[in-house]
Amino acid sequence: MASLTHSPAWNALEAHARAGKAIHLRDRFAADHARFSAFSLDAGPIFVDYSKQCVDAETMRRLFALARQQDVESNRDAMFAGQHINRTERRAVLHTALRDRLDRAVFDDGKDVMPGVRDVLRRMREFSNGVRHGEIRGFRGGVFTDVVNIGIGGSDLGPLMVVEALEPYRTDRLRSHFVSNVDGAHLARTLQALNPATTLFVVASKTFTTQETMANAAAAREWLVQGLGDVRSVEHHFVALSTNLEATGRFGVVPARVFEFWDWVGGRYSLWSAIGLSIALAVGMDRFDELLDGAYEMDEHFRRAPLEANAPVILALLGVWCSNFLGIDTHVALPYDQSLHRLPAFLQQLDMESNGKRVDRDGLPVDYDTGPVVWGEPGTNGQHAFFQLLHQGTRICAADFIVARDTHYPVGNQHQLLLANCLAQSRALAFGKTETEARHELERQGATADATAELAPYKTFPGNRPSNTLVLRKLTPATLGALIALYEHKVFVQGVLWNIGSFDQWGVELGKQLAPEVLSRLRGESSAGPMDASTEGLVAKLTTATTAR
């Protein structure tokens, strides 16, 4: 197979990009009054406007040709069919089975996984209902008032993001907390206001060996036992989300409080599994089911819509167009909804851990850029932080604006102001302000000729900065589920387009392998071998009684 950069579809896009780079979005809109309707679509409960991307009909035609050249459709079907598309770990990728709403079999190595999925969902419902209704209680009979989720990566970012996003649906009686950082401050500050007798811990680790998670879990266990004065309290106050029954048993978690998930569920795709138990505890299992419903609706859209009307495919192609043909290497997520304040961090892991790869699926180094740098902040906060760079900086960033038409918080006219800011910012990025317009504006304001000449360059905005706008009817469990699934499938399609494996993460391993050696040296253990001069020097600096101020 020819390398991607020498393939017909890629070469056609390169030629097209060179020919169209001088065309400004102003000119594209002026030339096509139907542009908005031509470059937007409904995808389940989400409306996607991509008319402010630097594309035309010919661009999209060539992008769809790339999708067909890279066999996006057959790769999509292989994922849903349970084929081992995670090649390096020889695993299926079946997070979609966790939210499948039809009574149909889904196979992994010839075994139907759905009975196990349904059993875990049933157990999650029984347990979350029992805790929420006060039927399942602590060691001393107290009703649980606080749930502390201990996990890291996908075992923290997904559940935390969803619980924060669905705050209007949460019960006031049961407070949710999330601890991920091995820095003792994170756990200590969380526990200082809690009562051991009414605190439930959810430890999320597939192997029950994750270093940071198990260190925090052990400290939480010690806090509980000291507070209640009896080691038997552990089995009443700890739940494990894991496959390692031997390790959970040693820790003190009884088998009935261990909720299983499977190796075909990647960490960053795991909130739909037992990892979502903290979500069910916070908002109830009925709302968790609605979250699954929304994701399933997007799954069906992705499975059945033709490429030209398929939102995850279109967003993936636009990302490749920006990254590989327009030279835009960062992507900023801008949720204009405070409830989605953790969405950018969630998308960082989803995208960068999936597609931050330097070799293709055949193990060969790539000669093109893969995953972009993903970052973001809620609007309107971001407008007063980094939008200066977005509008007038020398680095161009592609942007996703995410906004809900209706709000859970109708305070004054704030929601209209929020919507106005969202639309105004995407408009400003696209169209900018010419120097001539800046001069006329200054003149209308009464500026002198000298002041106008001096200030006009500072008030000029180049525009032509591409963005998408994703509109939800309202932020509900179902629309949130659809939004997350939309991004999951976008990331998968981009991996197919780049011919890389999106479902392993070997890049996180090296630091983990080196940490025990460094830990031994920090502890002064003589068995630790020699290290590089920088690390040796830093260890010495960190282990001396005083350090430089």
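Predicted model: local features only at pLDDT ≥ 70, side-chain atom pairs only at ≥ 80, totals over all residues.
1. How many cavities of 30 Å³ or more does the structure hold? There are four cavities of that size. The largest cavity has about 130 Å³ of space. Its lining is made by 16 residues, and Gly-319, Cys-322, His-331, Ala-398 and Lys-490 are the closest to its centre. Two or more lining residues come from each of α14 (311-325), β10 (330-336), β12 (398-406) and α20 (477-498). Helix α14 gives the largest share, with five residues.

2. Just after α6 comes Gly-134, which takes a positive phi of about 80°.

3. Now see which parts of α6 are hidden. The buried residues in this helix are Met-114, Val-117, Val-120, Leu-121, Arg-123, Met-124, Phe-127, Ser-128, Gly-130 and Val-131. What do the buried residues of α6 pack against? On the strand side of the list are β4 (111-112), β7 (199-204), β8 (238-241) and β9 (258-259). The helices in the list are α12 (277-283) and α13 (285-304).

4. Leu-121 counts as buried because its relative accessibility is 16%, and the cut-off for buried is under 20%. Apart from neighbours within four places in sequence, Leu-121 is in contact with Leu-98, Met-285, Phe-288 and Leu-292. For a sense of scale, Leu-121 and Gln-53 are 68 residues apart in sequence, and their C-alpha atoms are 41 Å apart in space.

5. Is Thr-248 buried or exposed? With a relative accessibility of 1%, Thr-248 counts as buried. Thr-248 lies in helix α11 (residues 245-251). A polar atom of the Thr-248 side chain lies 3.0 Å from the backbone oxygen of Leu-245. Not counting residues up to four places away in sequence, Thr-248 touches Phe-208, Ala-240, Ser-242, Val-253 and Val-258.

6. On to charges. Side chains of opposite charge can pair when their charged atoms come close. The count for this model comes to 33 salt bridges. One of them joins Asp-362 and Arg-87, whose closest N and O atoms are 4.0 Å apart. This pair links distant parts of the chain, 275 residues apart: Asp-362 is in the loop between α15 (343-355) and β11 (373-376), and Arg-87 is in the loop between α5 (72-80) and β3 (107-108). Asp-362 counts as exposed at 52% relative accessibility, whereas Arg-87 counts as partly exposed at 45%.

7. Where is Asn-499 placed? The residue sits in the loop between α20 and α21. Asn-499 is buried, with a relative accessible area of 11%. Leaving aside neighbours within four places in sequence, Asn-499 is in contact with Gln-70, Asp-360, Arg-361, Asp-362 and Tyr-368.

8. Arg-405 and Asp-406 meet through their side chains, with 2.9 Å from N to O. Asp-406 counts as partly exposed, at 32% relative accessibility. The side chains of Glu-536 and Arg-521 also form a salt bridge, at 2.7 Å from N to O. Here Glu-536 belongs to helix α22 (residues 533-543) and Arg-521 to helix α21 (residues 509-522), and the two are 15 residues apart. Glu-536 is partly exposed, with a relative accessible area of 26%. Elsewhere, salt bridges that share partners join Asp-100, Arg-104, Glu-300, Arg-303 and Arg-304 into one network.

Conventions:
Residues numbered from 1 in each chain as written. Heavy atoms only, no water. Helix = DSSP H or I, 4+ residues; strand = E, 2+ residues; numbered from the N terminus. Buried < 20%, exposed > 50% of the residue type's maximum accessible area, 1.4 Å probe, protein only. Contact = heavy atoms within 4.5 Å. Polar contact = N/O pair within 3.5 Å; in protein donor to acceptor, adjacent residues only side chain to side chain. 1 Å grid on protein atoms, 1.4 Å probe; cavity = no way out; pocket = protein on both sides within 12 Å on 5 of 7 lines; lining within 4 Å. Points joined across faces, edges and corners; volume = space filled by probe spheres on them.
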